[in-house]
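Student: Hi, could you walk me through this model? I'd like to start with the ligands.

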Amino acid sequence: MSTPVRVAVTGAAGQIGYALVFRIASGQMFGPDTPVHLQMLEITPALGALEGVAMELDDCAFPLLAGMTLTDDAEEAFEGTNVACLVGAKPRGPGMERADLLKDNGRIFTAQGRALAAAAADDLKVAVVGNPANTNALIAAANAEGVPTDRFTAMVRLDENRAKTQLARKAGVSVAEVTNLAVWGNHSPTMVPDVDNARIGGRPVTEVITDRGWLEGEYLTTVQQRGKAVIDARGASSAASAANALIDHVAAWCGGQPTPEGDWVSMAVPSDGSYGVPEGLVSGFPVTTDGAGAYRVVEGLELSPFAQEKLQATVAELEEERDAVAEML
Ligand code: NAD
Ligand code: LMR
């Protein structure tokens, strides 16, 4: 057995945490040969609930679970961390936008960025889920002095998965037929699930689904508003699907599941200026991953004038969010 991967999960006793940690401990994030040490961070009042989660993890007798840390101290939680899943944050309720969480949740990511810089391993990789995820990743990166900025990513994989299902359903094919689906921009209602470059059964989406009105209307809105639709239906924000998407995100990045040849996946990563997205903004892009810690933004894709206009709008929103938290950067 190899050395355990030290995986920090913040908000581990929350909804997403509860749907996530068992899957990590069972081997779904890093594969069946890699043990994990779970380093779980909670706020002090939730430590009792976290104890309960740890008891259940014990009761699963997972052979890959090499150890657990339970703490309300961020530096202790991030000690030697290889992969940090930053989930712990307030979720929005009915009638709120994710950006309404900016100031409250931003403070969490300032402190956690500093704690990561102080305590984590040199090969640290960070995946932010807590909303507004893109800007929280920007805040954490800005406060993690000495950690390369490209190690900070945010999750748009749930949006990719949602978009794939909508397209597969419309085309009447299995979701596995939908590939090369990038979600550009912000994890917010301005996100752009790309149909210009996605493929169904290897063919351009626009050849298989010729109803451009649907693609630019109902499809786009359904994907952009899916988080709200789940909140309205469940009375709580998505949890199992978010945990599932985080497994996908990390497994592709550094869990031994590289992007299949010719395909790409969606990750929000610090922009290098590609596609007109200002350098430094954490934006959804099509990326390829090697499953061992590297990712690359796919170059040379073309977007329709409709998608380009949408991309500008989502980038403008990311700039507004960045400006609203300027004092945390
Ligand atoms: P939740 O309220 O059920 O759980 C959040 C947990 O975080 C709680 O247990 C809370 O005690 C803990 N927490 C709060 N502050 C913390 C801190 N400073 N350090 C450590 N833990 C802390 O919420 P949830 O449903 O699990 O959602 C968590 C976040 O994920 C929310 O911001 C939500 O909006 C977001 N989310 C993002 C996506 C995405 O696709 N990016 C999808 C779903 C949810
Ligand atoms: C989601 O997309 O389901 C989450 O970001 C939760 C939310 O607030 O929509």
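Student: How many residues surround ligand 1, and which are the closest?

Tutor: There are 25 residues around ligand 1, the closest being Gln-15, Glu-42, Lys-90, Val-129 and Asn-131. A residue is near a molecule if one of its heavy atoms lies within 4 Å of it. Do keep in mind that this is a predicted model: local features need pLDDT of at least 70, side-chain atom pairs count only at pLDDT 80 or more, and totals for chains, interfaces and linings use all residues. Residues are numbered from 1 along each chain as its sequence is written, chains are lettered from A and ligands numbered from 1 in the order in which they are written, and side-chain values use heavy atoms, with hydrogens and water left out.

Student: Which side chains have an N or O atom by an oxygen atom of ligand 1?

Tutor: Glu-42 has one at 2.6 Å, and Asn-131 has one at 2.8 Å. These are polar contacts, meaning pairs of N or O atoms within 3.5 Å. Ligand 1 exposes 870 Å² when taken alone, and the protein buries 86% of that (Shrake-Rupley areas, 1.4 Å probe).

Student: What about the backbone of Ile-16?

Tutor: A backbone N or O atom of Ile-16 is 3.0 Å from an oxygen atom of ligand 1.

Student: Which elements give two or more residues to the shell around ligand 1?

Tutor: Those are α1 (15-25) and α4 (102-119). Helices here are DSSP runs of H or I with at least four residues, and strands are runs of E with at least two, numbered from the N terminus.

Student: Switching to ligand 2, which residues are around it?

Tutor: Around ligand 2 you'll find Arg-92, Arg-98, Asn-131, Arg-162, His-187, Gly-227, Ile-231, Ser-237 and Ser-238.

Student: New topic: in what order do the strands of the open sheet run?

Tutor: The three strands come in the order β7-β10-β11, with antiparallel pairing. At the edges are β7 (178-179) and β11 (203-204), each pairing on one side only. Two strands pair if DSSP finds at least two bridges between them.

Student: How many bridges join β10 to β11?

Tutor: Two bridges join β10 (residues 199-200) to β11, and Arg-199 stands opposite Pro-204 in β11.

Note on methods
Polar contact = N/O pair within 3.5 Å; in protein donor to acceptor, adjacent residues only side chain to side chain.
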